[in-house]
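Subject: Structure for you to look through

Dear colleague,

I am handing over the structure that I have been reading, and I would be glad if you kept it open beside this message. My notes on it follow below.

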Amino acid sequence: MITIKAFWQKVQTQLKANNPVILAMVMEKKGSAPRGVGAHMFILSDGSTVDTIGGGPLEYLAIQEAKQNIKNGKSIVQTFSLNNATAGEYGMVCGGQLTVALYCLQKKDLVQVEKALTLINTKNKIVLSLGWQNENFDFKVYDLAESFALKEKLTKKSLLQMDTTNQSGQYLEIMKQSPRVYLFGGGYVAQEVAKLLPNLEFEYIVLEERSEFAKKELFPDAKRIVVVDYADFSKQVEIKNSDYVIVVTNGHTKDTLVLESLLKNPPAYIGVIGSRHKKIHVENYLAEKGFSEDLIKQIIMPIGLDIKAETPSEIAISIVAQLIQKRAQ
């Protein structure tokens, strides 16, 4: 898995080199399939892929179809099915069905791809639109915030409208970049969390007071590593209300310094490592500083899902699982 931004950057690179690619988008799912609506991948002429729509026999069928279509620049909407008997041949328990758009992105689509990249950098949500009538397809990208009509129409993450009698339809999907994660602290737990984030489409920034823990070799995939005084971090980074923050510093006092600043403009998620006893202490401290109960309740402490984690690696899994859960809400 790669980030949405990286996905479209790879598409951009191919189109600039005048290499068409097939954009595969799952528009509808019935029965059993590894991934559902909103899964994407793109397929090159040699059958190699970037990202996945779930793997297995259904993806294999989509790739074979795409390899044929890319040669003549053809786009189609195709339903790929496995009934229970066919699924058994692949060692699967039950069958499933995916309706997939296989849209041939060509150099003419570069304007829309670059618009997607611009919006991803500046907006929280964009909309992909794919319309078709027989063999004529239209691919567009929109800023959701600027389109009242789309906001009215898209009450869920996606919308598929199809008319099989005249082979026409439209697929709309809200696409958003995963929240950026800020790691306050560079110790063992933070290092284990950082190993998990990139493959789950999370970009991260590390903030640490201790220079020996603020090293690229400890956080090779970090967007930035900032050596910072925790009491003053807001002068060096701007944390948005859509971002996620993990507080795993090397002391309760430093945790509370970070929290005092964060609660002035809270991000979407604040998780703090620590015991339930620490939670009471920190909440009382913040209440004395004048923060409301509603604000203080936004802090998740102890951080992570309760899976009885003990080691840094286990704690990291519980933390990242909670981030995934939050993102899906």
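In helix 6, the residues Val 189, Ala 190, Gln 191, Glu 192, Val 193 and Ala 194 are buried, where buried means under 20% relative accessible area, exposed means over 50%, and partly exposed lies in between, with a 1.4 Å probe and protein chains only. Helices (H or I, at least four residues) and strands (E, at least two) are DSSP runs, numbered from the N terminus. The buried residues of helix 6 pack against strand 10, strand 11, strand 13 (244-247) and helix 10, and a contact here means heavy atoms within 4.5 Å.

Before going further, please keep in mind that this is a predicted model, in which local features need pLDDT of at least 70 and side-chain atom pairs count only at pLDDT 80 or more, while totals for chains, interfaces and linings use all residues. Residues are numbered from 1 along each chain as its sequence is written, and side-chain values use heavy atoms, with hydrogens and water left out.

**The protein as a whole**

The protein has ten helices and 15 strands, and its C-alpha atoms fill a box of roughly 65 × 45 × 40 Å, taken along the principal axes. Of the 329 residues in the protein, 46% are buried. Among the contacts with a separation of 6 or more, 57% are between residues 24 or more positions apart.

Six strands form an open sheet in the order 12-11-10-13-14-15, with parallel pairing, and two strands are said to pair if DSSP finds at least two bridges between them. Strand 12 and strand 15 (299-300) stand at the edges with a single partner strand each, so one side of each is left without a neighbour in the sheet.

How many of the residues of strand 11 (residues 204-208) are buried? Five of its five residues are, and the strand is therefore described as mostly covered. In a regular strand the side chains alternate between the two faces of the sheet. In strand 11 both faces are covered, with Tyr 204, Val 206 and Glu 208 buried on one side and Ile 205 and Leu 207 buried on the other.

Strand 10 (residues 181-184) runs parallel to strand 11 and is joined to it by four bridges, and Phe 184 has Leu 207 as its bridge partner in strand 11. Between these two strands the chain passes through helix 6 (residues 188-196), and this β-α-β crossover is right-handed, which means that, with the strands pointing away from the viewer, the path from the first strand over the helix to the second runs clockwise. Strand 11 also pairs with strand 12 (residues 224-227) in the parallel sense over four bridges; here Leu 207 stands opposite Val 226, and Ile 205 has Arg 224 as its bridge partner.

**Strand 5 and its partners**

Strand 5 (residues 96-105) is mostly covered, with nine of its ten residues buried. Strand 1 (residues 21-31) runs antiparallel to strand 5 and is joined to it by ten bridges, one of the pairs being Ala 24 with Leu 102. Strand 4 (residues 76-82) is also antiparallel to strand 5, with seven bridges, and there Val 77 is paired with Ala 101.

**The largest pocket**

On a 1 Å grid over the protein atoms alone, a pocket is an open set of points where a 1.4 Å probe fits, with protein on both sides within 12 Å along at least five of seven lines, and lining residues have an atom within 4 Å of a point. The largest pocket has a volume of about 730 Å³, a volume being the space filled by probe spheres set on the points, which are joined across faces, edges and corners. Its lining has 27 residues, of which Ile 4, Gly 38, Lys 157, Lys 176 and Glu 201 lie nearest the centre. Strand 9 gives the largest share of this lining, four residues.

**A loop residue**

Lys 264 is found in the loop between helix 7 (252-262) and strand 14 (269-272), and Lys 264 is exposed, with a relative accessible area of 67%.

Best wishes
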